[in-house]
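This briefing goes through the model by topic. Keep the viewer open alongside the text.

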Amino acid sequence: MPVSITLTVNGRPAALTVEPNTLLVDAIRQHLSLTGTHVGCDTSQCGACVVHLDGVSVKSCTTLAVQADGRNVTTIEGLAAPDGTLHPMQAAFKEHHGLQCGFCTPGMVMSAVDLARVNPNATPEEIRHWLEGNICRCTGYHNIVKAVESGLQAMKTGAAAQAAE
Amino acid sequence: MGRFGFGQALRRVEDDRFLTGQGLYTDDVTLPGQAIGYVVRSPYAHGDITALDVSAAREMPGVLAVLTDADLTAAGIGGLPCVVRPTGTNGQKMPVPDRPVLARGRVRYVGEPVAFVVAETLEQARDAAEQILLDVEILPAVADLVAAVAPDAPLLWPDHAPGNVLTDFALGDAAAVEAAFSTAVHRVSLDLINNRLAPTPLEPRGALAAYDPADGSYTLHTGSQGSHTLRDWLCRLVLNLPPEKLRVVAGDVGGGFGMRLFLYNEQVLVLAAARLTGRPVKWIADRGEGFQSDTHGRDQRNHAELALDADGRILALRVRSLGNVGAYLSQMGAFVPTMAGTSMLTGVYHVPVAYAHAQVVVTNTAPVDAYRGAGRPEAAYVIERLMDAAARQLGLPRDEIRRRNFPAVLPYRTAFGHVYDSGDFPRLLETAQLRADWAGFEARRAEARQRGRLRGLGISYYVEVCGGGGDETAHLELHADGTATVLIGTQSTGQGHETAYAQMVAAEFGISPQAVRVKQGDTAVVPTGKGTGGSRSLPVGGASLSQAVDTVIALARPLAAARLGAAEDSVRFEDGVFLAPASNEGVRLTDLAVEAPAGTLKATSAWKPPAGTYPNGCHLVEVEIDPDTGATEVLRYTIVDDVGVVINPLLLKGQVVGGVAQGLGQALCEGVVYEADSGQLLTGSLMDYALPRADNLPDIDFSTIEIPCTTNLLGVKGAGEAGTIGSTPAVMSAVLDALAPCGITHLDMPATPLAVWTALQTAGTRP
């Protein structure tokens with residue numbers, strides 16, 4: 001039987017009617033037409049579907065839409081500033097050529113942003129470990145690790161600048 | 001900065017849309033009224049279909065159509081084509097068995113499409129599929145290619161492939177090779193498995209078709225490496241349709257690696273279903289379907305022999321191979337183990353005489369076709385493993401035996417007829433050895449031994465051939481508003497063509513790269529195309545574009561001369577500005593574009609390469625193995641490449657490092673496994689098929705020595721596959737070097753922890 005849920009998606013309220021077994025990723029892609037969140041596998045391995053639920057990264061392919069009821073969802077579309085300025089992590093991926101085909105990129109960036117919450121001073125080795133649940137078939141990860149290192153640094157600098165204001 | 005912006009590490013113009021979720025991949029396209037298709041696949045590897053009853057499924061809620069082979073045949077839809085047919089030693093073209101879009105009478109691999117259900121929703125289509133009655137009388141199956149050529153093996157295509165061999169392909173001088181072997185001081189031989197791989201681009205395959213009954217035209221959205229090729233195959237060989245009646249749109253493509261060059265059953269099915277139902281029909285693979293039905297790569301066995309003189313100089317090479325093409329021939333499936341790879345078996349070495357023989361073998365497995373490198377990685381693996389084995393047998397250092405066998409001078413014609421036009425193999429090897437501190441390795445090995453770890457140093461020197469596939473047409477127009485448009489038929493699947501092409505145009509025209517629109521992948525927008533494969537997009541597509549750039553500049557020259565009041569041939573052109581002789585007076589090309597009659601500053605150019613290009617380079621790898629677990633850790637990785645002139649070093653490094661990850665994956669963790677007797681796919685998900693993760697790879701020290709290609713207009717050699725080709729043998733060389741103190745001289749890929757641990761247990765000796 002369909003269920004009504006209300007949630008906040010990228011800062012905007014959304015009311016959806018979903019099946020109890022609707023996956024969060026399907027709600028995001030099909031109900032909300034936010035197609036930046038991708039599906040690359042069916043076993044929760046690839047991480048292309050990572051979004052933030054109340055600021056914490058989750059694989060939206062293994063989260064039910066009803067679990068997001070009353071909560072905040074941030075997808076890749078909600079990361080850049082309203083004026084289009086890229087989030088420091090997005091900018092770092094561009095600067096360091098941390099993406100090629102772009103399919104894993106939304107999940108990769110959302111995971112990387114959450115690393116700033118968990119371990120803002122992550123070493124390259126810790127970054128590689130953190131990204132173990134995000135598969136990239138194109139880059140060989142080298143530039144992704146450089147990008148995340150740089151993005152974490154930029155996020156710290158940005159946070160410090162905000163605090164000083 | 002050279003011409004065409006060469007050498008600039010321009011950041012990618014396509015990145016903003018990918019980084020903000022605005023990419024448009026196949027599943028992101030939704031057409032009004034679209035229905036969803038679901039493929040019912042064979043759960044058996046081999047058997048006769050005794051019943052296929054879809055009547056109950058057709059009555060299920062939401063179902064719009066259920067297609068079987070009978071429906072496609074009635075609609076006049078043909079089977080999937082094979083477009084490359086090697087000529088065998090018998091002088092005959094390889095026979096091609098039928099490949100129906102949906103199984104006809106018999107199934108021959110697990111995952112073969114049997115029926116196509118179209119419904120309002122995916123859930124309804126899946127529920128309806130459950131109601132299909134499929135009865136199969138199971139036949140003995142064979143999945144392994146050595147088992148397939150055994151005398152008592154089950155036969156897949158007795159009329160086409162007696163003994164499961166479709167054709168015997170040979171190259172070289174067998175008698176001269178035999179003579180050289182008979183008198184050689186040293187003979188080295190190896191039996192190698194080139195493991196079967198699943199290319200696995202991260203975007204699953206998909207297709208969305210719409211049919212317009214008003215004019216009988218179709219539109220097909222599908223991620224592809226070449227929309228025009230796909231359209232032409234579909235129209236000419238499957239649908240019997242004029243090409244103007246089918247528009248193919250690739251959109252953004254989430255990785256290809258060769259696998260997305262090909263025409264698949266499901267692309268035909270959505271087209272047929274769209275016409276039949278009058279609704280757009282979408283099909284998106286889930287990952288499990290991908291493992292069953294994407295074309296696989298590699299899967300060869302090689303018996304390789306090298307004859308050498310007393311000093312370790314090569315006298316002859318002989319390689320006998322089996323190449324698995326699966327149960328049906330994909331478009332280029334038979335090309336890979338025959339024409340594509342065998343001629344590169346001599347590597348970068350002076351091999352006076354060589355002979356290669358390859359048998360194209362059918363098995364009860366998914367079709368096998370080109371995967372990043374397509375035959376060249378297999379060839380590089382064979383010759384580089386042979387060089388290591390020869391070094392060991394003769395007691396020579398692995399770098400020395402290579403150095404000793406490099407051709408004395410370039411250009412060099414190989415025994416198989418390739419002409420290496422340019423390069424400096426000794427210099428690249430030496431540079432790599434310095435960067436990797438080759439000389440200090442034994443100290444690192446000894447230090448690792450103190451920690452109970454086995455450290456190994458691996459080496460490979462690869463060469464490959466790029467730039468095939470004929471010409472590529474580039475269309476370029478400079479508009480009055482100072483922007484430019486490039487239409488080109490190559491296809492980016494992540495390589496960054498939009499940036500590379502824009503960089504070339506922007507640098508010459510004196511405009512921003514963002515002002516250059518690169519359009520690809522839509523047959524309604526781009527007139528012609530041959531697609532991306534074989535690392536051809538810059539060596540061929542880029543060269544064509546450079547000619548178009550020069551033509552546009554030449555078209556503007558009379559306007560500039562008139563404006564400057566100077567003779568045409570006295571006017572110089574630099575960085576987007578025409579300059580009068582001996583004065584500071586100049587006029588920008590973009591200013592001329594404002595006043596030029598619309599549509600006059602445009603050019604179409606097609607450059608056809610006169611010969612292949614030969615990227616080459618040295619990979620040095622250091623690994624440590626934990627003898628208690630067999631796990632291999634890659635600690636250092638050094639590459640020195642000669643890919644000719646470098647257009648964008650950032651994109652180049654991205655291509656090479658990404659390629660290394662795939663080659664390393666083949667060496668250490670990846671492998672498609674079918675159960676021997678049942679032919680069941682055991683590696684059917686990302687939980688079973690091990691793709692390299694971020695923590696499996698080290699940072700990579702990558703550098704280039706630019707030696708311009710002499711046969712390419714731009715001096716470019718190509719780089720899309722180089723990393724994959726060089727890395728697989730280098731990583732295996734390192735693993736075997738680490739294990740050598742334990743008396744282990746051979747290991748097949750993938751060198752998983754279990755394989756390494758088992759080899760250590762069997763060897764019984766600890767260092």
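**Chain A: contacts and overall form**

Contacts between residues 24 or more positions apart make up 60% of those in chain A that have a separation of 6 or more. The model is a predicted one.

- Chain A holds five helices and five strands.
- From the N terminus, its elements follow the order β-β-α-β-β-β-α-α-α-α.
- The C-alpha trace of chain A spans about 45 × 40 × 25 Å along its principal axes.
- Chain A has a radius of gyration of 16 Å, which agrees with the value near 15 Å that a compact globule of 165 residues would have.
- Of the 165 residues in chain A, 54% are buried.

**Domains of chain A**

- Where the two domains touch, domain 1 of chain A puts in 16 residues and domain 2 of chain A puts in 12 residues.
- On the domain 1 side, β3 (50-53) and β4 (56-59) of chain A each supply at least two residues.
- β3(A) gives the most to that side, with three residues.
- By class, the domain 1 side of this contact in chain A has seven nonpolar residues, nine polar and no charged.

**Contact between chains A and B**

- Chain A brings 43 residues to the contact and chain B brings 42 residues.
- Four helices of chain A each supply at least two residues of the side that touches chain B: α2 (88-95), α3 (105-118), α4 (124-130) and α5 (142-164).
- The chain A side divides into 20 nonpolar, 16 polar and seven charged residues.

**Domains of chain B**

- Chain B is divided into three parts, each built from separate stretches of sequence: domain 1 (3-22 + 468-607), domain 2 (27-82 + 93-139 + 200-293) and domain 3 (421-466 + 612-763).
- Taken over C-alpha atoms, the centres of domain 1 and domain 3 of chain B are separated by 37 Å.
- Their contact takes 21 residues from domain 1 of chain B and 20 residues from domain 3 of chain B.
- On the domain 1 side, the elements giving two or more residues are α15 (497-509) and α16 (537-564) of chain B.
- The largest share of that side, five residues, comes from α16(B).
- The domain 1 side of this contact in chain B has nine nonpolar residues, 11 polar and one charged.

**Nonpolar core**

- The largest nonpolar core has 292 residues.
- Which members touch the most others? V117(B), A209(B), V486(B) and V505(B) do.
- Beyond its neighbours within four places in sequence, V117(B) is in contact with G37(B), Y38(B), V40(B), A57(B), V63(B), V66(B), A125(B), A128(B) and A129(B).
- In soluble globular proteins, nonpolar side chains tend to be buried together.

**Helix α20 of chain B**

- Which residues of α20 (residues 753-763) of chain B are buried? They are V756(B), A759(B) and L760(B).
- Why do these residues lie on the same side of α20(B)? They cover an arc of only 100° around the axis, and that places them together on one side.
- L754(B), Q761(B) and T762(B) are exposed on the other side of α20(B).
- The cover over the buried residues of α20(B) includes β26 (616-625), β27 (632-642) and α19 (722-739) of chain B.
- G764(B) follows α20(B), and its phi is positive, near 75°.

**Site R247 of chain B**

- R247(B) lies in strand β11 (residues 246-249) of chain B.
- R247(B) is partly exposed, because 18 other C-beta atoms lie within 10 Å. The cut-off for buried is 20 or more, and for exposed 12 or fewer.
- R247(B) and A524(B) are 277 residues apart along the chain, yet their C-alpha atoms are separated by 6.0 Å.

Methods
Residues are numbered from 1 along each chain as its sequence is written. Chains are lettered from A and ligands numbered from 1 in the order in which they are written. This is a predicted model: local features need pLDDT of at least 70, side-chain atom pairs count only at pLDDT 80 or more; totals for chains, interfaces and linings use all residues. A nonpolar core is a set of buried Ala, Val, Leu, Ile, Met, Phe, Trp, Tyr and Cys residues joined through C-beta atoms within 7 Å. Two residues are in contact if their C-beta atoms, placed from the backbone, lie within 7 Å. Domain bounds come from an automatic or database domain assignment. Ala, Val, Leu, Ile, Met, Phe, Trp, Tyr, Cys and Pro count as nonpolar, Asp, Glu, Lys and Arg as charged, and the others, Gly among them, as polar. The radius of gyration is taken over C-alpha atoms; the globule rule is 2.2 Å times the number of residues to the power 0.38. The arc is that of the directions from the helix axis to the C-beta atoms.
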